[in-house]
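Hello,

Please open it first and then read on.

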Amino acid sequence: MRAVGVIPKKREVALFDHHVMPTLSEPGHAKIRVIEVGICGTDREICSFAYGTPPDGSDYLVLGHEALGEVVEVGAGVTRLKVGDLVVPSVRRPCPHDHCPSCVVGRQDFCFTGDFTERGIKMVHGYMTEFFVEDEEHLNRVPADLRDVAVLVEPLTVAEKALAQVTAVQSRLNWGNGAGKTAVVLGAGPIGILGAMALVVRGYKTFVYSRSAEPNPKAALVNSIGAKYISSETISLADFQKMTGNIDLVYEALGVAKISFEVMKVLGLNGVFVFTGIPPHKPAIPVEADSLMRQMVLMNQVIIGTVNADRAAFEGAIADLAIFKQRWPDALRNIISGRFPMESYRDLLLGKATGIKNVITIGG
Ligand SMILES: [Zn+2]
Ligand SMILES: [Zn+2]
């Protein structure tokens, strides 16, 4: 089987032969033929050898954690899936410890020990190959009519989990589902755009604050879904705040601390700021800590970091994608900027980042 992965010891990114065909070893297993795999910043960072750990006993790690596949074989204990179903697998697998209160209830996204594994990232091979085997517990069924966009399910789970956290935190208020509130999305990459779509369908008045001046394709896409694109290059933060009024929610999808902590200064009364981006290690930057602390206390503000996603977030993403597809078929399709064969892996993983979401097609 062909696979794209990294060989950290040799600091190599390669298209190679990935040992033997995987087989069902447990009754709850299903075998999946990979249709396509999305590429994101995490994959690119693994290819710079910032992190990414092969399984024990392997020199290489197969990449890929944003996959769409088709069930080709099911074990005797599989109850929810059948051959021919389309599925999106989740990424994180539980730690082995009975004393982890999260992993024992299937909430490894909140693992307490740090000994979880992640397919395509940490100690388990990913999906950038022809077939894989997985327990049905970690597979989410996707309706056939979402086939052309279902590779976006995994990146959309970032917003789904974040918004579930926001709902939980804001249950302290008479907040409802956030309808009528004002949200600001930082960044217009796939996580930001999908997050903006999720906010718009929930009834938030949604602004996307990103660097590039208009006109540009991402701004056009954002404006076409009823959110408002604002360029930080042409509109100052003070002017931006005049346009938004009280900011109830900031959804950060940029991975840049400097602009994030600037925008934190304009978070509104009882507001929530959610971080989803992971900045690279960099020299320290000045932050107006006393005024931020004063503001957070006097304005009842909450800052949340969120990573990974649970089954509810995957199911929420699949349900939301169906809504997005009905409401904005062109905008949703345009998030996928290109589909490429496996042989293009080098440009996609090591070349300059281009477009919005690039996808490797494996089994069509
Ligand atoms: Zn990703
Ligand atoms: Zn755990």
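Predicted model: local features only at pLDDT ≥ 70, side-chain atom pairs only at ≥ 80, totals over all residues.

**The zinc site**

Which residues coordinate the zinc ion? They are C40 through SG, H65 through NE2 and E66 through OE, at 2.1 to 2.2 Å. Along the chain, the donors of the zinc ion follow the spacing C-x24-H-E. H65 is buried, and E66 is buried too.

**Helix α2 against α3**

Next, have a look at helix α2, residues 153–170, and helix α3, residues 190–201. These two pack at an angle of about 50°, and their axes are 8 Å apart. With that angle, α2 and α3 are oblique to each other. The crossing in which α2 passes α3 is right-handed. On the α2 side, the contact is made by P155, L156, V158, A159 and L163, and on the α3 side by I191, L194, G195, A198 and L199. What classes of residue make up this contact? There are 9 nonpolar residues, 1 polar residue and no charged ones.

A159 has its place in helix α2. Is A159 buried or exposed? A159 is buried, with a relative accessible area of 1%. Leaving out residues up to four places away in sequence, A159 touches G195, A198 and Y251. A159 and G316 are 157 residues apart in sequence, yet their C-alpha atoms are 9.7 Å apart in space.

**Helix α2 against α8**

Helix α2 also packs with α8, at an angle of about 105° and with the axes 8 Å apart. That makes α2 roughly perpendicular to α8. From α2, the residues V153, E154, L156, T157, E160 and K161 take part, and they meet A313, F314, G316, A317, I318, D320, L321 and F324 of α8. By class, the residues of this contact divide into 8 nonpolar, 2 polar and 4 charged.

Finally, N308 is found in the loop between β17 (302–305) and α8 (311–327). N308 has a relative accessible area of 19%, and it counts as buried because the cut-off is under 20%. Setting aside neighbours within four places in sequence, N308 is in contact with V91, R92, D109, E118 and K161. One of these, K161, also belongs to the α2 side of the contact with α8.

Enjoy looking around, and do write back with any questions.

Best wishes

Terms used: Residues numbered from 1 in each chain as written. Chains lettered and ligands numbered in written order. Heavy atoms only, no water. Donors = N, O, S within 2.8 Å, 3.2 Å for Na, K, Ca; no water. Buried < 20%, exposed > 50% of the residue type's maximum accessible area, 1.4 Å probe, protein only. Axes fitted to C-alpha atoms, helices over the stretch in contact; angles between N-to-C directions. Helix = DSSP H or I, 4+ residues; strand = E, 2+ residues; numbered from the N terminus. Parallel < 35°, antiparallel > 145°, perpendicular 65-115°, else oblique. Left-handed = near helix turned anticlockwise from the far one by under 90°. Contact = heavy atoms within 4.5 Å. Nonpolar A, V, L, I, M, F, W, Y, C, P; charged D, E, K, R; others polar.
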